[in-house]
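User: I am new to this structure. Please show me how to read its features.

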Amino acid sequence: METFKNETWRCPDCKRKLNKSNVKDWKCPNCDDTIWIMADVNGNRYVLERIKAKEIQKDDVILLDGMHSGEEVKKVKRFGKKIRIYFRKNPALTETSETFFNTIIGNWEPKD
Ligand SMILES: [Zn+2]
């Protein structure tokens, strides 16, 4: 899973700004909610959530490593501890269920 320069991390629940020292598994230490990551991906301002392969669902939009736009999930299949993710355009991927992925949940506007 790719990370980006100048990411900012915030909890959508308690609105707290977070950083490396207090985030574990991309969740808020207070709420246990999945945090929002504001990232600039080659000029695209995406709000990301980092979730495990086992949490990915049909119609989620995944930002695959090295890509600048999202890929829609067509189908997810489980094989024991592995997950196979089928995309609408990209070839399918097989990963362990604990592998993190960037999912795009929206866009953000920079503040002046
Ligand atoms: Zn929180």
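Here is a short walk through the fold.

Analyst: This is a predicted model: local features need pLDDT of at least 70, side-chain atom pairs count only at pLDDT 80 or more, and totals for chains, interfaces and linings use all residues. Residues are numbered from 1 along each chain as its sequence is written.

User: How many helices and strands does the protein have?

Analyst: Both are DSSP runs, numbered from the N terminus: helices are H or I with at least four residues, strands are E with at least two. The protein has nine strands and zero helices.

User: What is the order of the strands in the sheet?

Analyst: Two strands pair if DSSP finds at least two bridges between them. Here the open sheet reads β2-β1-β3-β4-β9-β5-β6-β7-β8, with antiparallel pairing. β2 (17-18) and β8 (93-96) stand at the edges with a single partner strand each, so one side of each lacks a neighbour in the sheet.

User: Which strand is joined to β6 by six bridges?

Analyst: That is β7 (residues 82-87), and the two run antiparallel. Lys77 has Arg84 in β7 as its bridge partner. Two residues lie between the strands of this hairpin, where Gly80 takes a positive phi near 60°. β6 (residues 71-79) also pairs with β5 (residues 61-63), over two bridges. There, Val61 stands opposite Glu72.

User: What share of the residues is buried?

Analyst: Buried means that 20 or more other C-beta atoms, placed from the backbone, lie within 10 Å of the residue's own. In the protein, 22% of the 112 residues are buried.

Methods
Buried ≥ 20, exposed ≤ 12 C-beta atoms within 10 Å, placed from the backbone.
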